Amino acid sequence: MKLLDMKNVKKSFGSLEVLKDISMEVEEGEVVAIIGPSGSGKSTLLRCATLLETMDEGTLEYCGVKATTNDTGATQYVDKRTLHELKNNFGLVFQNFNLFPHYSVLKNVIDAPIHVQKRDKDEVIKEARELLAKVGLENKENSYPAQLSGGQQQRVAIARALAMNPKMLFFDEPTSALDPEITAGILKLLRELAEEKMTMIIVTHEIAFARNVADRVIFMDGGVIIEEGKPEDVIDNPGSERTKAFLQKMG
């Protein structure tokens, strides 16, 4: 089943064209890694996919339900209520964690399922504790973000995203704010989620991780997709000079 379908997406900020006619599809259970140099449009693509930015042109669908229409030729978004419902399909993990500093770890995880999804509080708390155990933080539920390391904060952010029971997770450079030792732990957690067939779209500069875990790698540069395919093709045997040059730099 196709969970995400973006077609002919364009996005500019003033005179700067950041996305130039990009299309991307993601199937259920697929792990897609998006790589490319800074400023290539990767984060903007993710922000358009997760409704944090509005596209100038293009179409966006989740699980076959349209988030946009372009009957008039221009891209328009559907009504707020439908968009709100569509947001339940995905979770988003940022590079800088974005936790509520005045909430405990547990409250950070349970807040949205209770208040946004209106789920049963006891059930949500039980699930949240299971998720915190899964990410290795079962003894930190009463701590506050300022008392945690960066890696622990990122684990809370992942647990918080999973607490919404999303069909897919988006990650925007989830390890770029972390040191190498802590990065390894986060990547291990993502690998475990991939083994559980969690659908994930990961913007990352961790090339070895993309090679080992992704089903498909997309290389972006200058607001376009230069090439995409299996990791062994894109990373080990790139067809484009731009991809080769980027990977040599990252090597």
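**Exercise 1. Find the strands that helix α1 lies across, and give its angle to β9.**

Start with α1, residues 42-49: it lies across β3 (31-35), β8, β9, β10 (199-203) and β11 (216-221). Its angle to β9 is about 150°. Helices here are DSSP runs of H or I with at least four residues, strands are E runs of at least two, and both are numbered from the N terminus. Axes are lines fitted to C-alpha atoms, for helices over the stretch in contact, with angles from 0 to 180 degrees between N-to-C directions.

A quick word on the source: this is a predicted model, where local features need pLDDT of at least 70 and side-chain atom pairs pLDDT 80 or more, while totals for chains, interfaces and linings use all residues. Residues count from 1 along each chain as its sequence is written, and side-chain values use heavy atoms, leaving out hydrogens and water.

**Exercise 2. Work out the strand order of the open sheet and which strands stand at its edges.**

First, the order: six strands run β8-β9-β10-β3-β11-β12, with mixed pairing. Strands pair if DSSP finds at least two bridges between them. Next, the edges: β8 (90-93) and β12 (224-229) each have a single partner strand, so one side of each lacks a neighbour in the sheet. Now zoom in on β8: four bridges join it to β9 (residues 168-172), and the two run parallel. Within that pair, Val-93 sits opposite Phe-171 of β9.

How values were computed
Contact = heavy atoms within 4.5 Å.
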